[in-house]
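Try each task before you read its solution.

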Amino acid sequence: MTSVSSTASAPLKAPLAAASPKGFDWFLAVAVVACIAASVRAMFYTPADAMLGEAQKIFYIHVPAAIVGLYLACSLLAICSLVYLWIRDERLDRLAESSAEVGLVFMGMVLITGPIWARTSWGTWWQWEARITSTLFLWLLVLGYLVLRNAVESTEQRARLSAVMGSLAALLVPFIHLTVLLFRGMHPPPVVLTPNNPQKNLPPEMRLTFLFATLAFLLLFFALLRMRYRWAAMRDARAALEHG
Amino acid sequence: MTGGLHAPGGIAKVCDARVAGNRASGYTCAMHAHPTVPVSPATQTNGPPILLAEGLVRRFGTRRAVDGVSLALGAGECMALFGPNGAGKTTLLRMLGGLLKPAEGRATLLRHALPGDASVRRLIGLISHHSMLYAPLTALENVRFAAECQGMPDADAAAMASLERLRVADRADTPVRLLSRGLQQRVSIARALVHRPRLLLLDEPYTGLDDVGARALTAALRALKAEGTSLVLVTHHIGEGLAIATQATVMLAGRFVATEHATPQGFDVAGYATRYRTLIEAGAA
Amino acid sequence: MSEHVREQLHERVTAHAGERVTGIAHVREPDALRAPSFVADAWRIARKDLVIEFRTRSGLLASAVFSVLAVVMFHFTWDPTAIPAVDLAPGVLWVIFTFAGLLGLNRSFGLELADRAYDALLASPVSRESIFAGKMLANLAFVTVVQALVLPAVVLFFNLDVGAAWLPIVGVVLLAAIGLSAVGTLFAAIAANTRLAELLLPMMTLPFFIPLVLPAAQLTSLFMNGRPLADGMGWLKVLVAFDLVFVPACVLAFPFTIEE
C-alpha cells in the first residue's frame with residue numbers, strides 16, 4: 001500500500017504548494033502603506049471641520065470601513081453563498097468564509113469608531129442610530145455564520161449549511177434595515193452630524209482624503225481577503241491529504 | 001421487433017444501454033453498437049438483473065469513498081458485502097438506497113433511475129444497525145407511519161401483518177424504547193418490509209443481536225429471498241452473511257476487489273474466511 | 001388497543017396473508033400504492049411530531065417552566081412606580097416568547113437523528129418539502145401553545161387591563177408565530193447536524209427574529225395602549241412581508257440541509 005499512498009498524495013501536494021507561495025506578500029505591503037499614508041494625510045494634511053473639530057477625522061476610518069465591511073464583504077458573502085448552492089464549487093465556499101471573517105474585522109472597526117466619535121462629540125457611548133444599529137445586527141449575523149462553520153465537522157456539510165445560512169442572511173438584510181429605519185422614525189435623533197451623515201458638500205481636500213481613505217481600505221480588504229483565502233485553501237489541502 | 005434488448009426467450013425490452021453487450025447476463029442489443037462492458041463477476045446474475053449499477057463514484061472532498069463500483073443483482077439474489085471499516089460499504093448502500101447521489105456513474109432499479117422519485121423509492125427498504133424508529137412511539141405506530149409514508153391503502157392492517165410476520169405483534173402497543181435491542185431490530189425490519197420492497201439494503205443488521213435474534217433475522221431474509229426480493233447485505237459476520245448469499249464481494253478502499261458466487265451447495269465459510277483475511281491483510285500492507 | 005379493534009385488525013390482516021410477489025420482473029401495479037400527497041404527508045409528519053411531544057412533554061415542560069420563571073423574575077426586578085406595567089409588558093412578553101419558543105425547536109430534529117429515523121423518512125416517497133411543512137406545522141403548534149400559556153401569565157402577573165385588545169394581540173402573536181416557526185424549523189434542521197446544537201440555534205436565529213419580534217412588540221404595545229391599528233401599519237407590513245418572504249424561502253432552502 002505504500003506505493004499507492006505516495007502516488008495518491010503526489011497530486012494532492014501540488015495544490016498545497018500552490019496555496020502557500022514563498023516570498024513576501026507585496027499586495028499586503030502596498031495596502032498597509034496606503035492605509036498609513038491615508039492616515040497621515042487625514043491627520044496632518046486635511047483641515048479639521050469647523051464645527052466638529054479634530055474628532056471628526058474619525059470619519060475617515062468609520063465610513064470607508066462601513067463601505068468595505070458592510071457593502072462589499074456582506075454582498076460577497078451573500079453572492080458566494082447563493083452561487084455555491086447552485087454550482088457547488090468549494091472555492092466559492094472558501095471565498096464566502098474569508099469574506100465573512102475579513103468583513104467582521106471591518107465591521108468591528110465601524111462599531112468601535114462609532115461610539116468613540118459619539119463619546120467625544122456628545123458624551124454618550126451609543127446612539128441607536130439607524131445605520132450603526134444595522135451594523136451591529138449584521139455583525140452578530142456574520143458572527144453566527146462563523147460559529148456555525150466552526151461547529152460542523154465535514155467539509156461538504158459545512159459548505160452547504162453555511163451557504164444556506166448565507167443565502168437566507170442576504171434575504172434578511174433589507175428587513176433589518178427596514179425595521180431599524182421604522183424604529184428610528186419613531187424616535188428621530190437630534191439633527192447633528194454623525195459619522196453616518198456627512199455633509200453633502202465636502203470641501204475638495206476633505207473629499208480627496210475621504211476617497212484616498214476608501215481606496216486604501218479597499219486595498220487592505222482585498223489583501224486580507226487574499227491572505228485569508230490562501231490560508232483556507234492550505235487548510236483544506238492539508239485536510240484532504242490527511243484523509244486521502 | 002427490429003431493435004431493443006432481447007432477453008433469453010426473445011422478448012424485446014427497452015435497450016438498457018450500458019449493460020447491453022454483456023453476454024454473460026444473456027442480453028444482446030440489436031439496436032446499437034455498444035462498447036463491450038468488461039464482464040466482471042459482480043455483474044453476473046442468474047436471471048435478468050433487478051438492480052444495476054455501473055461505475056458508481058462518490059467523493060468526499062478529494063477522497064473517493066466509492067471508486068467505480070459496478071454490480072448487478074437479480075430477483076431473489078443476495079449479495080453479501082464484506083470489507084474493513086472505511087471501505088465505502090455504507091456509502092455505497094446509501095447510494096443504492098437513493099439517499100446519496102453518485103458523482104459519476106448510474107444505478108437503476110427495475111429500469112427506474114436511482115436516486116429517483118416516489119415510484120422507485122417505494123421499491124426499496126432500508127435496514128441498519130440503527131433502529132430508524134421513533135423511541136417514544138409504539139411498535140405499531142412506527143410501522144404504521146412507515147406504511148402510510150409508503151402510500152399503503154390500509155396502513156393499519158399492513159403494519160399489523162408486518163409485525164406478525166416478524167413475530168412481534170404481541171408487543172404492538174409497547175413504546176419502542178421499552179423493547180430489547182433484538183425486539184427493536186425486529187420492529188425495524190417490520191418497518192422496512194411493510195411495503196414489500198423489491199430491494200432490501202441491510203447495513204450491518206446483525207450488530208447487537210443475540211443468537212435468537214440473529215437466527216430469526218436469517219430466517220426472515222431467507223423467506224424474503226424465496227419471495228423474489230433482492231438483498232444487499234453488509235456485515236462483519238462472515239458466517240451469517242454467507243448463509244444466505246448468492247454472491248460474496250469484498251470491498252476495499254472504494255472498490256470491489258474480489259467476488260465469488262455461491263456453488264449449489266452454498267459457500268464454504270471457513271475457506272472463504274481464510275481467503276478474506278488474506279485479502280484484507282494484503283490490502284492493508 | 002381494545003379486543004374488538006384487535007379482532008377487526010386481525011381479519012384484515014388474514015385477508016392480506018395470501019399475498020405473494022408473483023413473477024420475477026413483476027412491477028407493482030400502479031394503483032396498489034397511493035401517490036405521495038403533499039398535504040397528507042405534511043399532516044402525518046406534523047401529527048407524528050406532536051404525538052411524540054405529547055408523550056415526552058420535554059419541550060413543553062422546559063418552555064413552560066422557563067416562561068413562568070422569567071415572568072416572575074421580570075416582575076420582581078421591576079419598579080412599578082418608575083415604569084407603568086403597560087410599557088414594560090410588551091417587551092417582556094416578546095422576549096419570553098422568543099426564548100421559550102427556541103427551547104422547543106431543537107427537539108424538532110433531535111429525535112429524527114437519534115436512531116436515524118430520518119434516513120427512513122428520506123428514503124420513503126415523501127417529498128422534502130412536505131417534511132419541512134409538517135415539521136413547521138408541528139413547531140407552529142408548539143410555539144402557539146407556549147404563547148397561549150405566556151400571554152395570560154404576563155397579563156395576570158402585571159395586572160394589565162387588556163379588554164378589547166385581546167383579539168388584535170392574538171392576531172399579531174399568530175403572525176409572528178408563523179415566521180418564528182418557519183425560520184426556527186429551518187435552522188433547527190441546520191443545527192441538528194452540528195455539535196452544540198442547543199447553543200448554536202439561538203445564535204443563528206436571533207438576528208432573524210429581529211424583524212419579527214420588534215414589529216410584534218411595537219404592535220402589542222400599540223394595542224395595549226388602546227391606539228388604533230392605523231398608527232402601526234408600517235410595523236404590520238414588515239411582519240406580514242417577513243412571513244410572505246421567509247416561509248417560501250425556508251421551504252426552498254430546506255432540501256439543501258439534507259446531504260445528497
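Is Asp236(A) buried or exposed? Asp236(A) is buried, because its relative accessible area is 14%, and buried means under 20% relative accessible area, exposed over 50%, partly exposed in between (1.4 Å probe, protein chains only).

A quick word on ground rules. This is a predicted model, where local features need pLDDT of at least 70 and side-chain atom pairs count only at pLDDT 80 or more, while totals for chains, interfaces and linings use all residues; side-chain values use heavy atoms, leaving out hydrogens and water. Residues are numbered from 1 along each chain as its sequence is written, with chains lettered from A and ligands numbered from 1 in the order in which they are written.

**Exercise 1. Follow the salt bridges of Asp236(A).**

Step 1. Look at Arg235(A), whose side chain meets that of Asp236(A) in a salt bridge at 3.3 Å, N to O. Arg235(A) counts as partly exposed, because its relative accessibility is 23%.

Step 2. Now take Arg158(A), which also forms a salt bridge with Asp236(A), with the closest N and O atoms 3.8 Å apart. This pair ties together distant parts of the chain: Arg158(A) sits in helix α6 of chain A and Asp236(A) in helix α7 (residues 204-243) of chain A, 78 residues apart. Helices here are DSSP runs (H or I, at least four residues), strands likewise (E, at least two), and both are numbered from the N terminus. With a relative accessible area of 14%, Arg158(A) is buried.

Step 3. Zoom out. Salt bridges that share partners build one network, and its members include Glu90(A), Arg149(A), Arg158(A), Arg228(A), Arg235(A) and Asp236(A).

**Exercise 2. Work out how β7(B) is paired.**

Step 1. Use the rule that two strands pair if DSSP finds at least two bridges between them.

Step 2. On one side, strand β4 (residues 49-60) of chain B pairs with strand β7 (residues 104-109) of chain B in the antiparallel sense, over five bridges. Here Val57(B) stands opposite Glu104(B).

Step 3. β7(B) also pairs with strand β8 (residues 112-114) of chain B, again antiparallel, over three bridges. In this pairing Thr108(B) faces Ala113(B).

Step 4. Inspect the hairpin turn. Two residues lie between β7(B) and β8(B), and Leu110(B) takes a positive phi near 50 degrees.

**Exercise 3. Describe what chain C shows to chain A, then to chain B.**

Step 1. Count residues in contact (heavy atoms within 4.5 Å). With chain A, chain C gives 29 residues and chain A gives 30; with chain B, chain C gives 42 and chain B gives 45.

Step 2. Get the buried area, the accessible area (1.4 Å probe) that two parts lose on being put together, summed over both. Chains C and A bury about 2700 Å², 79% of it on carbon and sulfur atoms. Chains C and B bury about 4400 Å², with carbon and sulfur atoms giving 56%.

Step 3. Tally salt bridges. Between chain C and chain A there is one, joining Glu153(A) and Arg195(C) with the closest N and O atoms 2.6 Å apart. α8 (166-191), α9 (197-224) and α10 (233-253) of chain C each supply at least two residues of the side that touches chain A, and α9(C) gives the largest share, ten residues.

Step 4. Between chain C and chain B there are five salt bridges, including Arg55(C) with Glu141(B) at 2.6 Å, N to O. Among the elements giving two or more residues to that side of chain C are α1 (3-16) and α2 (38-56), and α2(C) contributes the largest share, eight residues.

Note on methods:
Salt bridge = Lys/Arg side-chain N within 4 Å of Asp/Glu carboxyl O.
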